[in-house]
Amino acid sequence: MKKIKNNFICFGAVHHDYVFELKNDLIKYRTNPVKHIESYGGVAHNVARIISNHENVSFFSLMTDKETINYLKKYKIHFHPLNKKIEKRYYGVLVNKYKKFELGIANTDAYENYTKITSLKFINKNIVLDLNFSEKFIQSVVNQNFKKNHITICGTSLFKIHKVKKIIEKINCLILNKEELYTLTKIRNIKKSIKKIINLNPYINIIVSNADKKTYGYEAPIFISCKPPKIKAINENGAGDVMSGTYIYYKSQEHKMNNALSLAVAAGTLYAKSKNTKININHKSIKKINNYIVCKFEKYNAFKKN
């Protein structure tokens with residue numbers, strides 16, 4: 001058993017993100033001038049950074065350089081390397097001149113190729129995993145810890161969501177976007193998709209985001225939708241992770257799901273409308289936006305098992 005003092009333990013990706021913003025309309029098969037912004041990314045990292053605004057976090061990932069380790073330390077994120085060799089990995093995104101997403105590219109095979117299984121057992125911790133590591137490694141962490149810890153898994157890509165299929169009954173909280181949900185269930189309807197997951201695990205807490213439209217939350221016996229205010233989105237890349245990290249933290253503080261989700265949607269909205277790509281979201285700023293979030297409750301009957 002590994003002794004960790006911190007309440008939150010994150011497993012997943014930390015690497016450089018490169019955002020390329022087109023200065024003009026995209027011209028295919030030609031060189032296009034861009035503005036370039038570099039920051040740290042990875043779903044688990046982004047979630048850890050949000051939680052670290054409130055308390056220390058332990059972070060397990062592949063070995064990285066001293067600069068990244070010092071950066072994490074600065075934000076009270078205690079880094080635990082799973083291996084000794086530094087593996088190159090990065091994510092790039094192309095946005096148009098209106099800052100709308102055009103294309104994402106990921107060189108993250110290093111995570112997928114890590115299949116070593118070690119003893120990583122904890123007690124009474126909030127364990128958060130993204131889906132960048134191999135299915136074998138993710139299943140190992142969950143299988144070792146689901147009985148005595150709270151397990152949250154954050155969707156990472158519709159190409160990686162299959163990794164949760166065999167462990168759904170062992171997950172306490174699953175946070176996805178709409179397309180990840182549809183890919184997981186093979187049903188292109190949010191309510192019917194959620195119902196399929198509930199039939200496998202009636203005790204699961206599910207959060208499903210639908211971009212700038214509604215975000216849905218289920219935790220028996222409550223189903224809720226939260227609609228953000230209309231904004232001019234400036235910084236959409238990473239807003240979903242900000243929402244996830246905020247929800248995970250407030251839910252851990254014994255907030256009811258509807259309150260935690262409303263604050264989380266507010267945090268994602270605040271981030272999306274901000275010119276600053278650094279993840280600095282505080283409770284006071286979230287509360288201001290939260291007044292404009294519209295949440296509606298729906299009856300549980302629709303989700304009862306057949």
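**Entry 1: a buried glutamate**

I started with Glu-21, which is buried at a relative accessible area of 9%. I note here that I am working with a predicted model. What does the side chain of Glu-21 meet in a salt bridge? I found Lys-99 there, with 2.9 Å from N to O. This pair links distant parts of the chain, 78 residues apart. Glu-21 sits in strand β2 (residues 15-22), while Lys-99 belongs to the loop between β6 (90-95) and β7 (101-107). I also looked up the accessibility of Lys-99: at 29% relative accessibility, Lys-99 counts as partly exposed, because buried would need a value under 20%.

How many salt bridges does the structure hold? I read off five. One of them joins Glu-112 and Lys-163, whose closest N and O atoms are 2.7 Å apart. Are the two partners buried or exposed? I wrote down Lys-163 as buried, with a relative accessible area of 1%, and Glu-112 as partly exposed, with 31%.

I then turned to Glu-179, which forms a salt bridge with Arg-188; here the closest N and O atoms are 3.1 Å apart. Glu-179 is partly exposed, with a relative accessible area of 29%. Arg-188 has 59%, and since exposed means over 50%, I list Arg-188 as exposed.

**Entry 2: Ser-134 and its surroundings**

Next I went to the loop between β8 (126-129) and α4 (135-145), where Ser-134 is found. Ser-134 is buried, with a relative accessible area of 4%. Which backbone oxygen does the side chain of Ser-134 reach? I see that of Tyr-114, at 2.9 Å. Leaving out residues up to four places away in sequence, I found that Ser-134 touches Tyr-111, Glu-112, Tyr-114, Thr-115 and Lys-163. I was pleased to meet Glu-112 and Lys-163 again in that list, as these two form a salt bridge with each other.

**Entry 3: an enclosed helix**

Where do the residues of helix α1 stand, buried or exposed? I looked at residues 43-51 and found that nine of the nine are buried, so helix α1 is largely enclosed by the rest of the structure. Among these buried residues of α1 are His-45, Asn-46 and Arg-49, along with Val-43, Val-47 and Ile-50.

**Entry 4: a sheet of four strands**

I traced an open sheet of four strands in the order β3-β2-β6-β7, with mixed pairing. Which strands are at the edges? They are β3 (34-41) and β7, each of which pairs on one side only. From one strand to the next, the twist averages 15 degrees. I followed β6 and β7 in particular: these strands pair in the antiparallel sense over six bridges. As an example, I noted that the bridge partner of Gly-92 is Ile-105 in β7.

**Entry 5: two crossing helices**

Last, I looked at helix α8 (residues 257-272) and helix α9 (residues 283-290), whose axes come within 8 Å and cross at roughly 100 degrees. That makes α8 roughly perpendicular to α9, because angles of 65 to 115 degrees count as such. Which residues meet there? From α8 I listed Ser-262, Leu-263, Ala-266, Ala-267, Thr-269 and Leu-270. From α9 I listed Ser-285, Ile-286, Lys-287, Ile-289 and Asn-290.

Methods
Residues are numbered from 1 along each chain as its sequence is written. This is a predicted model: local features need pLDDT of at least 70, side-chain atom pairs count only at pLDDT 80 or more; totals for chains, interfaces and linings use all residues. Side-chain values use heavy atoms; hydrogens and water are left out. A salt bridge is a side-chain nitrogen of Lys or Arg within 4 Å of a carboxyl oxygen of Asp or Glu. Buried means under 20% relative accessible area, exposed over 50%, partly exposed in between (1.4 Å probe, protein chains only). A polar contact is a pair of N or O atoms within 3.5 Å; within protein, one must be able to donate a hydrogen and the other to accept it, and residues adjacent in sequence count only if both atoms are side-chain atoms. Contact means heavy atoms within 4.5 Å. Two strands pair if DSSP finds at least two bridges between them. Axes are lines fitted to C-alpha atoms, for helices over the stretch in contact, and angles run from 0 to 180 degrees between N-to-C directions. Angles under 35 degrees count as roughly parallel, over 145 as roughly antiparallel, 65 to 115 as roughly perpendicular and the rest as oblique.
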